[in-house]
Amino acid sequence: MTRNTRARHVRFLRSGWLLLLVPFLLAGCDGRQSVLVDGGADARILTDLFWVMLTGAVVLWIGMNGLFYWATRRSPAPHSQRMANWLVILGGILFPTLTLGALLVYGLTLMPDLRATGDGPVIRVTGEQWWWRVDYTRDDGSIVTTANEIRLPAGVRSTFLLDSKKVIHSFWVPSLGGKMDMFPGRVTEMTLGPERPGIYRGQCAEFCGESHAWMAFEAEVMAPEAFEAWLDAEAAPAVAPTSAEAGRGAALFLSQGCGACHAVRGTPATGRVGPDLTHVGSRHSLAAGRLGTSVEDFAKWVANPGAWKPGAEMPAYDHLTDAQIGAIAAYLEGLE
Amino acid sequence: MRDSDHDRQPHPRGDAHEFAEERESLWRITLAPTIWAFHFVISYAAVSVYCFRYDHLAAMGTLRAALIAMTALMLAAIAWIGWRAFQRWDVRGTGEFSNPEGNAEDRHQFLGHAGFLLALISFIGVVYDTLPLIVLASCR
């Protein structure tokens, strides 16, 4: 064994060690915002598509490299004209035409299922900078407004009517299905048929300004009865927390003018500029997936929203004392 | 002098210059891609206008049948153009693939070669354009 080949073997072994890291990288493919985790039929269709494409690409990659190897190492002599002609006709025309044609037919046959008509709730989602306005239309025609969280009944297809206020956003819950753009002044429609209850994460998928990356939401898939119960509770006016601190917070909320932008149904706060806060304490996240839902998180946000979400329209309330901000946070956290 | 430039055999039909109409052929090679372009624009425009506003006037099946009939005609036209170009290339008669000489007959055969390949890719393009019409039955 010459020095040269030994060096090559050592290099190969080192690169082999790197392969051991691959499982750790692949662990990133799991989780509640992964395309490969299917929470419903749509995501399963897309996951299958992904595996078919990946398998095909790997086979092609190996085949092409095999050909390169064969042509440069195994049989480097010039081929006959006849052989070259057949190589071009079969490998250059027939094979790609048939392969791409088959992929096209496969992709097209998937589309009707992905765009099936909804038989569940109709949910209007409006993209704002950088949060989501969510309106459920109930059977009696009444509308229940909430924000930054979408709840869906498992086992039925929900219809989404997507709109935007100012710029283009894109609505995407990777574990539940494909994405759909949201345009100002035009309503796009998509349906999703989630099946497996759980809390998934959605994300704006079209660059929409400086806090685009912080524009997320939780999508909770619930058993149908649990969904109905939740929607009933969501439609009801706010139940204010009873502690003395929260009471001070409620008064401050109104005196500081928060109600000009935010609605807390059942109180004089009826603003429509910012997210509806009627049941904000019962959500899974604050500020469109930016923060958690502890009292401390509410306090951090109220004190300086721009620190957490650059460019946010909400002003900082840093002129208030910590105790005052704590009171507002206690009030909001208690709005369940 | 010519023979020292290269060692090709004399052109098998070097004395037959009866097809020296390369100016006309230059236009002719654009025919197949033009049909493909029209097929693309007509199909997509018809389906989007229909689905946007006029889906109550007629069934989707009627529009699909009409467009598929148009496709069949266009494919037949492209096939005919391709066949004519293949004959002009005359690869089976001359055994020459690339026609590297600069004389009128070579240009004529080269344009046949190019026209044949363009007809081939146009045929494939039109078939691909038509697949959604065959597979998808509704506007959704």
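View 1. An unreviewed UniProt entry lists residues 35–53, 65–83 and 116–137 of chain B as "transmembrane region". UniProt positions follow the numbering used here, feature names are shortened, and annotations may be inferred rather than shown by experiment. This is a predicted model, where local features need pLDDT of at least 70, side-chain atom pairs count only at pLDDT 80 or more, and totals for chains, interfaces and linings use all residues. Residues are numbered from 1 along each chain as its sequence is written, chains are lettered from A and ligands numbered from 1 in the order in which they are written, and side-chain values use heavy atoms, with hydrogens and water left out. Residues 35–53 of chain B are 100% helix and 0% strand, with end C-alpha atoms 27 Å apart. Residues 65–83 of chain B are also 100% helix and 0% strand, and their end C-alpha atoms lie 27 Å apart. Helices (H or I, at least four residues) and strands (E, at least two) are DSSP runs, numbered from the N terminus.

**View 2. Helices H3 and H4 of chain B.** The axes of H3 (residues 31–54) and H4 (residues 60–89) of chain B come within 10 Å and cross at roughly 175°. H3(B) is therefore roughly antiparallel to H4(B). Axes are lines fitted to C-alpha atoms, for helices over the stretch in contact, and angles run from 0 to 180 degrees between N-to-C directions. Angles under 35 degrees count as roughly parallel, over 145 as roughly antiparallel, 65 to 115 as roughly perpendicular, and the rest as oblique. Contact residues (heavy atoms within 4.5 Å) include B:Phe38, B:His39 and B:Tyr50 of H3(B), and B:Met70, B:Thr71 and B:Ile81 of H4(B). By class, this contact has 16 nonpolar, 3 polar and no charged residues. Ala, Val, Leu, Ile, Met, Phe, Trp, Tyr, Cys and Pro count as nonpolar, Asp, Glu, Lys and Arg as charged, and the others, Gly among them, as polar.

View 3. In an unreviewed UniProt entry, "transmembrane region" covers residues 50–71 and 83–108 of chain A. Residues 50–71 of chain A are 100% helix and 0% strand, with end C-alpha atoms 31 Å apart. For residues 83–108 of chain A, the end C-alpha atoms lie 36 Å apart, and the span is 100% helix and 0% strand.

**View 4. Helices H6 and H9 of chain A.** H6 (residues 244–255) of chain A packs on H9(A) at about 100°, with the axes 7 Å apart. H6(A) and H9(A) are therefore roughly perpendicular. Among the contact residues are A:Glu245, A:Arg248 and A:Phe253 of H6(A), and A:Gln324 and A:Tyr331 of H9(A). The contact divides into 9 nonpolar, 3 polar and 2 charged residues.

**View 5. Two backbone features of chain A.** Most residues other than glycine have a negative phi, and most peptide bonds are trans. The peptide bond from A:Gln129 to A:Trp130 is cis, with omega near 0°. A:Trp130 sits in the loop between strands S1 (122–128) and S2 (131–137) of chain A. A:Ala287, not a glycine, has a positive phi of about 60°. A:Ala287 lies in the loop between H6 and H7 of chain A.
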